[in-house]
Amino acid sequence: MAWRCSASGNADLVRNLRKAGVIHTDHVEQAMLKVDRSNYAPQNPYTDAPQPLGHQATISAPHMHAHALELLANHLQPGMRALDVGCGSGYLAAVMARMVGIDGQVVAIDYLSPLVALSLENVRKEDADLLDSGTLQVEQGDGWKGFEQASPYDSIHVGAAAESVPEALLEQLKPGGRMVIPVGTTTQQFCTIDRLPNGNFEQKSLMGVMYVPLVHPPSCI
Ligand SMILES: C[S@@+](CC[C@H](N)C(=O)[O-])C[C@H]1O[C@@H](n2cnc3c(N)ncnc32)[C@H](O)[C@@H]1O
């Protein structure tokens, strides 16, 4: 069932998410206004529910994107560096790139090459400046390994559920940085993991969720 923020256009969708209190910062609102979901969701782009992308992947529901972005907002400030694991449609990575701006950097990875190609195709429609400026980089990669070359990251978003928190992602998080990740198998928890300035980690479970699994791809990726 579609959640209550569904709309007939991008601006209305963002307005509804703000009215409902899912978006509560101007930083997230402005970035979501700049990236039109119709370039990323093949059908029902403004319906507040996940939509199929093919390859057993979905573009997550707008309220889940907004929720994740709000949790990461302090770690997606201009000039910061972020990793989006399981980029699928490329939508969230594009919004994250709008948030960190021209002086920041977002790396988006997916283990499936057709979804890497789809992300690039989608971003090129109206957000090509993000690729041209190098603010957004899209690569084939395994989320269990992260993307060490551009680490450490101020923020890491994981868009698929991991049975345990990937060690490599913890290592690639900056002290002071934050990861959001669904953790679990049949039951899953949406978690924040903060790396404290002393290097320790603090994990909080926020709510039950249902994501596709963070798979273990062949080791060649
Ligand atoms: C629910 S989709 C999320 C897509 C994206 N966040 C969006 O909203 O468009 C989960 C994505 O995780 C990817 N994925 C699953 N396991 C992965 C892994 N080990 N490494 C990288 N990506 C993975 C899938 O291919 C899929 O695109």
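Which residue just after H1 takes a positive phi? Glycine 21 does, with a phi of about 85 degrees; helices here are DSSP runs of H or I with at least four residues, strands are runs of E with at least two, and both are numbered from the N terminus.

This is a predicted model, in which local features need pLDDT of at least 70 and side-chain atom pairs count only at pLDDT 80 or more, while totals for chains, interfaces and linings use all residues. Residues are numbered from 1 along each chain as its sequence is written, and side-chain values use heavy atoms, with hydrogens and water left out.

Helix H1 spans residues 10-19 and includes asparagine 10. Asn10, Leu13, Val14 and Leu17 of H1 are buried (under 20% relative accessible area with a 1.4 Å probe and protein chains only, where exposed means over 50% and partly exposed lies in between). They lie on the same side of H1, because they cover an arc of only 95 degrees around the axis, the arc being that of the directions from the helix axis to the C-beta atoms. The buried residues of H1 pack against helix H2 (26-34) and H3, contact meaning heavy atoms within 4.5 Å.

| Residue | Relative accessibility and class |
|---|---|
| Asparagine 10 | 8%, buried |
| Glutamine 77 | 29%, partly exposed |

The side chain of asparagine 10 reaches the backbone oxygen of valine 35 at 3.4 Å, and a polar atom of the glutamine 77 side chain lies 2.8 Å from the backbone oxygen of alanine 73. Leaving aside residues up to four places away in sequence, asparagine 10 touches Met32, Leu33, Val35, Asp36, Arg37 and Tyr46, whereas glutamine 77, counted in that way, touches His27, Met99 and Val100. The C-alpha atoms of glutamine 77 and valine 100 are separated by 5.1 Å, although these residues are 23 apart along the chain.

The largest pocket holds about 690 Å³ of space; a pocket is an open set of points on a 1 Å grid over the protein atoms alone, where a 1.4 Å probe fits, with protein on both sides within 12 Å along at least five of seven lines, and lining residues have an atom within 4 Å of a point. Its volume is the space filled by probe spheres set on the points, which are joined across faces, edges and corners. Of the 39 lining residues, Thr58, Gly159, Ala160, Tyr211 and Val212 lie nearest the centre of the largest pocket.

Technical notes. A polar contact is a pair of N or O atoms within 3.5 Å; within protein, one must be able to donate a hydrogen and the other to accept it, and residues adjacent in sequence count only if both atoms are side-chain atoms.
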